[in-house]
Amino acid sequence: MKTTPGEADAMLRSPVSSHNEWDPLEEVVVGRLDGATTPLRHSVVSCNVPPWAARFQRLAAGFRYPQALIAPAREELDRFVSLLQSLVITVTRPDAVDHHARFSTPQWSSRGFCNTCPRDSLLVIGEEIIETPMAWPCRYFETHSYRTLLKDYFRKGARWTAAPKPELTEALYEQHYRPPLPGEPVRYILTEFEPVFDAADFVRAGHDLFVTRSNVTNRMGIEWLRRHLGPDYRIHEIESRCRTPMHIDTTFLLLAPGKVLINPEYIDVNRLPDILKSWDVLIAPEPDPIRDPLLRITSLCGKWLSMNILMIDENRVIAERHHTGMLRALEKWGFDPVPCDLMHYAPFGGSFHCATLDIRRRGILESYFD
């Protein structure tokens, strides 16, 4: 039976369509905890671990995460998935894989990490999904756990791209790197040997993207994406004062047209790009302290995970129930916060924004700065 041109277009209409951080969310990928393994020791991993947690990371490197950490995190994650589904949002998940399995390239070998944070390894720009060239060796094959989903989205009309696979040899990493002392300029462990970047160092506002250079994203990675996207998109760099920069979503987050949330510890408001001059700059409140000593030691993300929120639309936002200061601030700014628990997810790399990947938001490509 033949299809008409209109029917063929409908069949190939991409199931992937997300242009910004706030259009109404219709479909999202949520990460998994299955097979999670602590990262093997490597300079690019240890440079982002707080000094007081470094000993724990060294002792645990390469072992499976203990059930004492996985069980409460999985319980919270299941409730988060149920919350998304109750909001009539389609939730898909990566395949469950054993990240403890060892793999190798001609230059090095490693074990995996986990697929708890789809926001890191996959970047959605409009109808395109881009596999990112990540700088951690333990994450080299992480996107393979998403291949079932990627192939399904591709068959239904999505564009699927993979950035150049990096070599991750010693030439990519500064051999004598040390984190800067207070008052010293920010320095980075990555050289410009080859393009690397994590998707979580970017946030989107239609034709404009914002990025932080970090210990997982170098200038070559930013330039690769700039050239790949072409003249329809502009990429603006956000300067971070974080001594161990990694991922923009605890530093700078776009909430709605005209509203941006910033971390006052990492961002100098006076040095924001001029394009944001007409936007309301919302200053994140000091995070509520974490009392649980195990969570303080094992968190990979630091105290500002309170900023790691997920916009459901321009008004509704899912935020951590523990961080009451953030919940009150969101209400004061005119948003409708939906409290949820995900504190025990922190040892695996994040919270609501990290744990998800927007696949489809109901909206079109627009410019918010012209």
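The model is predicted, with local features requiring pLDDT of at least 70 and side-chain atom pairs pLDDT 80 or more, whereas totals for chains, interfaces and linings use all residues. Residues are numbered from 1 along each chain as its sequence is written, and side-chain values use heavy atoms, without hydrogens and water.

The chain contains 9 helices and 17 strands, taken as DSSP runs numbered from the N terminus (helices H or I, at least four residues; strands E, at least two). Its radius of gyration is 20 Å, close to the 21 Å given by the globule rule for 370 residues, so the chain is as compact as a globular protein of that length. This radius is taken over C-alpha atoms, and the rule is 2.2 Å times the number of residues to the power 0.38. The C-alpha trace spans about 60 × 50 × 40 Å along its principal axes.

Of the 370 residues, 57% are buried, that is, under 20% relative accessible area with a 1.4 Å probe, protein chains only. Among contacts (heavy atoms within 4.5 Å) with a separation of 6 or more, 73% join residues 24 or more positions apart.

His323 lies in the loop between strand 15 (316-320) and helix 9 (324-332). Its relative accessibility is 4%, so His323 counts as buried. Leaving aside residues up to four places away in sequence, His323 touches Pro287, Asp288, Ile290, Ser306 and Met343.

Methods
Buried means under 20% relative accessible area, exposed over 50%, partly exposed in between (1.4 Å probe, protein chains only).
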